[in-house]
Amino acid sequence: MRVLVVEDEALLAEAIAEGLRRESMAVDVCADGLRALESLAVHDYDVLVLDRDLPGVHGDDVCRSVVERGTVRVLMLTAAAEVADRVRGLGIGADDYLTKPFAFAELVARVRALGRRTTPALPPVLRAGDVEVDTARHQATRDGRFLPLSRKEFAVLEVLMRARGAVVSAEELLEKAWDAHVDPFTNAVRVTMGTLRRKLGVPPVIETVPGVGYRISP
């Protein structure tokens, strides 16, 4: 899952980003509304964690722009805790609303829940053959055996599982499992795929489609 965190409090923004990265999410950070709109125009995000009071372009205007495109789920994160504030936030198109201060575990759960709101909706536990990925517990198993995956290995496996047998290109994996700082010419996907395959064991479950990408056996 790829997430954009838009928060002008630098320490809070980095704390949120690092915590989400520990959950194997790819996270980019912006400190103002204008940069957020620029990032949203370039990258394919699943969830936007959006502070409402932003310098430059207000968070409400960022939210309206996102809603018009209809491709990103919005979690509005704000200190405005009154019922009327929450109603206005949801009224302009936010999918969820979390007030500061908040419990980080709740933030993660809400981001995960929004990420599952795809078409068709996907369950929190993804299955393909004897492989299971529990996104809520951040655990993966094969035939009941726990898989000690790194953050990136887990993220790549989750993207493949969500594709449900469809081929996923290396470019798509970079877009979904890495952040904006990754070198587009890196061999990170190939290296991560190699270690992930070794940990999954035999028989192989990830197939390489030459010149196209990768898919996981159903």
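Predicted model: local features only at pLDDT ≥ 70, side-chain atom pairs only at ≥ 80, totals over all residues.

Colleague: Why is S39 called buried?

Modeller: Its relative accessible area is 17%, and buried means under 20%, so S39 counts as buried. S39 lies in helix α2, residues 33–42.

Colleague: What is S39 in contact with, leaving aside its neighbours within four places in sequence?

Modeller: That would be L4, C30 and Y45. Contact here is heavy atoms within 4.5 Å.

Colleague: On to the sheet. How do you know that β8 and β9 pair?

Modeller: Two bridges join β8 (residues 139–142) to β9, and pairing takes at least two, so they qualify. The two strands run antiparallel, with T141 opposite F146 in β9.

Colleague: And what makes β6 and β9 edge strands?

Modeller: The order in the open sheet is β6-β7-β8-β9. β6 (125–128) and β9 (145–146) each have a single partner strand, so one side of each has no neighbour in the sheet. Helix α6, residues 151–162, packs on this sheet and touches β6, β7 and β8. The direction of α6 makes about 110 degrees with that of β7.

Colleague: Which residues meet where α1 and α5 pack?

Modeller: A15, I16, G19 and L20 in α1 meet F104, L107 and V108 in α5. The helices pack at about 65 degrees, with axes 11 Å apart, and the crossing is right-handed.

Colleague: What makes one residue of that contact polar?

Modeller: The count is six nonpolar, one polar and no charged.

Definitions and conventions:
Residues numbered from 1 in each chain as written. Heavy atoms only, no water. Helix = DSSP H or I, 4+ residues; strand = E, 2+ residues; numbered from the N terminus. Axes fitted to C-alpha atoms, helices over the stretch in contact; angles between N-to-C directions. Buried < 20%, exposed > 50% of the residue type's maximum accessible area, 1.4 Å probe, protein only. Left-handed = near helix turned anticlockwise from the far one by under 90°. Nonpolar A, V, L, I, M, F, W, Y, C, P; charged D, E, K, R; others polar.
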